[in-house]
Amino acid sequence: MSAHFSQKEFRISSVAELSKVVDALAKVLKPGDWIWLEGNLGAGKTTFVRELFRKLGHEDEVVSPSYPLMVEYEIEGQRYFHLDGYRLTGKSPWDYREWGDAIILAEWPEQLHLPAERFKYRLEFEVLSENERLIKISAL
Ligand code: ATP
Ligand code: MG
């Protein structure tokens, strides 16, 4: 594990402050990393991915993968797959062995039938109030 941290905690009070968390992850993110995004409905997982992609240079829209289940992006030559297992029933429609060095950002990952040991970081989102979140990043 080559991360610069084993766990970091952020208490933020607005979407704008998500940039602190985005920066912490963007600093260590490498091709092929899989990110486990955990937290209740509306906790901020998709919003975080949107801010991360913006920081990485993506200028277009970032939609929730709740219905498509997977949305693919290419940013500065790097592939990113944004997944959401919430509505997935039955077997996963993908073969993760073909994902190569794509960076994986997975919401409701426990429902995606992916190998848990493949994930490199876990982000846990806890809602404190309408705009406040406690976000923990762990290197796995
Ligand atoms: P789901 O499991 O349904 O996909 P989600 O975790 O992806 O939910 P989002 O779709 O990102 O949640 O919704 C988070 C909502 O909370 C958005 O409307 C966002 O604007 C709002 N929000 C308010 N404050 C914050 C904050 N500090 N961080 C993240 N989101 C926030
Ligand atoms: Mg979401």
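Leaving aside neighbours within four places in sequence, which residues is Asn131 in contact with? The first legend below gives the answer, and the later ones visit other parts of this predicted model.

**View 1**
Asn131 sits in the loop between β6 and β7. Once its neighbours within four places in sequence are set aside, Asn131 is in contact with Ile12, Ser13 and Ser14. Look at Ser13 in particular: Asn131 and Ser13 are 118 residues apart along the chain, yet their C-alpha atoms are separated by 5.4 Å. Is Asn131 buried, partly exposed or exposed? Asn131 counts as partly exposed because its relative accessibility is 46%, which falls between the 20% limit for buried and the 50% limit for exposed.

**View 1. The surroundings of ligand 1.**
This close-up takes in the 18 residues that surround ligand 1, the closest being Gly42, Lys45, Thr46, Thr47 and Trp108. Sorted by class, the shell has six nonpolar, seven polar and five charged residues. Which element supplies the largest share of the shell? That is α2, with three residues. Trp108 takes part through its side chain, with a polar atom 2.9 Å from an oxygen atom of ligand 1. Taken alone, ligand 1 exposes 640 Å², and the protein buries 76% of that.

Most residues other than glycine have a negative phi. In Trp108, however, phi is positive, near 50 degrees. His113, found in the loop between β5 and β6, also has a positive phi, near 55 degrees. Is Trp108 buried or exposed? Trp108 is buried, because its relative accessible area is 16% and the limit for buried is under 20%.

**View 2. Ser92 beside Leu112 and His113.**
Ser92 is found in the loop between β4 (78-84) and β5. Apart from neighbours within four places in sequence, Ser92 is in contact with Leu112 and His113. With a relative accessible area of 19%, Ser92 is buried, as buried means under 20%.

**View 3. The largest nonpolar core, seen from Phe48.**
In soluble globular proteins, nonpolar side chains tend to be buried together. The largest nonpolar core in this model has 30 residues, and Phe48 and Phe53 have the most contacts inside it. Two or more residues come from each of β1 (7-12), α1 (18-28), β2 (34-38), α2 (45-56), β3 (70-75), β5, β6 and β7 (133-139). Which element gives the most to this core? The answer is α1, with six residues. Beyond its neighbours within four places in sequence, Phe48 is in contact with Leu18, Val21, Val22, Leu25, Leu37, Leu123 and Phe125. A second, separate core of 14 residues includes Trp34, Ala106, Leu112 and Phe119.

Ala26 is found in helix α1. Not counting residues up to four places away in sequence, Ala26 touches Leu52 and Lys55. How far apart in space are Ala26 and Leu56, C-alpha to C-alpha? The distance is 7.8 Å, while the two residues are 30 residues apart in sequence.

**View 4. His58 in the loop between α2 and β3.**
His58 lies in the loop between α2 and β3. Its side chain reaches the backbone oxygen of Asp60 at 3.1 Å. A polar atom of the His58 side chain also lies 3.2 Å from the backbone oxygen of Glu61. Further along the chain, leaving aside neighbours within four places in sequence, His58 is in contact with Phe53, Tyr73 and Ile75. Why does His58 count as buried? His58 does so because its relative accessibility is 14%, and the limit is under 20%.

Notes. Residues numbered from 1 in each chain as written. Chains lettered and ligands numbered in written order. Predicted model: local features only at pLDDT ≥ 70, side-chain atom pairs only at ≥ 80, totals over all residues. Heavy atoms only, no water. Buried < 20%, exposed > 50% of the residue type's maximum accessible area, 1.4 Å probe, protein only. Helix = DSSP H or I, 4+ residues; strand = E, 2+ residues; numbered from the N terminus. Core = buried A, V, L, I, M, F, W, Y, C linked by side-chain atoms within 4.5 Å. Contact = heavy atoms within 4.5 Å. Near = heavy atom within 4 Å. Polar contact = N/O pair within 3.5 Å; in protein donor to acceptor, adjacent residues only side chain to side chain. Areas by Shrake-Rupley, 256 points an atom, 1.4 Å probe, with all protein chains shown as cover. Nonpolar A, V, L, I, M, F, W, Y, C, P; charged D, E, K, R; others polar.
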